[in-house]
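Good morning, and thank you for coming. I shall go through one structure, taking its sheets, its helices and its ligand shell in turn.

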Amino acid sequence: MTQPKIVIRDLQKFFGEGKQQTQALKDIELAIQANEFITFVGASGCGKSTLLRIIGGLEQHNAGDVLVNGQAIQGAGIDRAMVFQHYSLYPWLGVRDNIRFCRRLQAHTDDCSQADVEAASGRTDALIRLMGLSAVEHAYPNQLSGGMQQRVAIARALMAKPDILLMDEPFGALDAQTREVMHDLIRHVFKLEKTTIIFVTHDVEEGIYLGNRVVLMAPRPGRIDSIYEVPLPAERHQDMKHSPEFLQLKRQILDRIRETSGMKTDFDLLQQLTNTSVPM
Ligand SMILES: Nc1ncnc2c1ncn2[C@@H]1O[C@H](COP(=O)(O)OP(=O)(O)O)[C@@H](O)[C@H]1O
Ligand SMILES: [Mg+2]
């Protein structure tokens with residue numbers, strides 16, 4: 001058995017102090033294999049973003065371990081790249097320069113050989129082609145659609161060949177058609193780049209279509225409720241979203257989200273109210 005890429009053991013995370021304290025993550029246990037595409041779904045506030053930020057080294061945890069390749073993480077690192085819902089591109093740089101721009105590389109310009117510069121340039125070219133950005137490589141971010149801007153952000157995240165790509169609702173601001181295109185694109189990137197992808201979404205359909213496993217989180221306190229293997233082949237097609245296996249898993253996860261988030265109780269209460277006759 002090979003060593004998992006990421007191991008999370010007994011992870012606890014609190015925000016605030018005293019009576020104001022909330023437990024954002026409780027007893028998180030998970031192993032993620034190299035080249036796995038794992039998705040996290042769950043109601044808002046169940047700790048998905050907090051967990052992703054801890055893995056990315058952007059947030060400290062209170063107890064437990066987060067190991068990457070068997071080593072405890074020490075803050076952020078170029079082995080882990082993040083993509084957020086908001087594209088956060090540099091508005092004064094064109095597409096190509098946005099992709100190339102990497103502060104960590106710049107900080108070491110003195111150590112940078114001509115070969116490094118040429119390799120970076122070759123990788124930029126490859127990423128521009130892979131992400132379908134050739135026609136807009138000299139455009140500025142404000143001249144691009146949301147979908148195009150997100151392609152640039154993903155290309156930039158891939159520039160340093162990260163081992164792990166962490167994505168927090170990256171397609172949340174895109175329209176349905178653009179999201180479909182982005183789903184197929186990201187699966188394609190996953191196949192070619194052989195990264196390990198951790199993808200957070202509140203959209204169950206997106207979580208199933210993209211993932212090899214779907215982790216369902218529940219709120220108050222944020223915890224892992226259940227983990228589902230996705231019964232789809234590695235090559236995904238949009239029409240699989242209508243297959244019986246897909247629809248059954250989607251229903252199962254949606255029902256479980258309702259049960260764990262208190263929405264079912266709200267629904268039962270509503271039913272009771274509807275059944276109670278109101279005196280005139
Ligand atoms: N910086 C913060 N300060 C205080 N509470 C926070 C902070 N970030 C997140 N939380 C709380 O932690 C819980 C989990 O939040 P989050 O990870 O953003 O959930 P999700 O991404 O699943 O919507 C929520 O109750 C949220 O209010
Ligand atoms: Mg979030």
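**The four-stranded sheet**

Four strands form an open sheet in the order E2-E1-E4-E5, and the pairing is antiparallel. E2 and strand E5 (71–72) are at the edges, each with a single partner strand, so one side of each has no neighbour in the sheet. This is a predicted model, in which local features need pLDDT of at least 70 and side-chain atom pairs count only at pLDDT 80 or more, while totals for chains, interfaces and linings use all residues. Residues are numbered from 1 along each chain as its sequence is written, and chains are lettered from A and ligands numbered from 1 in the order in which they are written.

Helices (H or I, at least four residues) and strands (E, at least two) are DSSP runs, numbered from the N terminus. Two strands pair if DSSP finds at least two bridges between them.

Strand E1 (residues 6–15) is joined to E2 by 7 bridges, and the two run antiparallel. Within this pair, Phe 14 stands opposite Gln 23 in E2. E1 and E2 form a hairpin with 6 residues between them, and Gly 16 in the turn has a positive phi of about 80°. With strand E4 (residues 63–68), E1 pairs in the antiparallel sense over 5 bridges; here Ile 8 stands opposite Val 66 in E4. Helix H1 packs on the sheet, touching E1, E2 and E4, and its direction makes about 60° with that of E2. For contacts, two residues qualify if their C-beta atoms, placed from the backbone, lie within 7 Å. For directions, axes are lines fitted to C-alpha atoms, for helices over the stretch in contact, and angles run from 0 to 180 degrees between N-to-C directions.

**The ligand shell**

Which elements give two or more residues to the shell around ligand 1? Of the 13 residues around ligand 1, Phe 15, Ala 24, Lys 48, Ser 49 and Thr 50 come nearest; a residue counts as near if its C-beta atom, placed from the backbone, lies within 6 Å of the molecule. The elements that give two or more residues are strand E2 (22–32) and helix H1 (48–55). H1 provides the largest share, 3 residues. By class, the shell divides into 3 nonpolar, 9 polar and 1 charged. In this scheme Ala, Val, Leu, Ile, Met, Phe, Trp, Tyr, Cys and Pro count as nonpolar, Asp, Glu, Lys and Arg as charged, and the others, Gly among them, as polar.

Strand E3 (residues 37–42) runs parallel to strand E8 (residues 196–200), and 4 bridges join them. The bridge partner of Ile 38 in E8 is Ile 198. E9 and E10, in contrast, pair in the antiparallel sense over 6 bridges, with Leu 216 opposite Ser 226 in E10.

**Two helices**

The axes of H5 and helix H6 (residues 176–193) come within 11 Å and cross at roughly 15°. That makes H5 roughly parallel to H6, a label used for angles under 35 degrees, with over 145 counted as roughly antiparallel, 65 to 115 as roughly perpendicular and the rest as oblique. Gly 146, Gly 147, Gln 150 and Leu 158 in H5 meet Thr 178, Val 181, Met 182 and Glu 193 in H6. By class, this contact has 3 nonpolar, 4 polar and 1 charged residues.

**Backbone exceptions**

Most residues other than glycine have a negative phi, and most peptide bonds are trans. Asp 27 has a positive phi near 50°, and Asp 27 lies in strand E2. In the hairpin of E9 and E10, with 4 residues between the strands, Arg 220 takes a positive phi near 50°. The peptide bond from Arg 220 to Pro 221 is cis, with omega near -10°. Pro 221 is placed in the loop between strand E9 (213–218) and E10.
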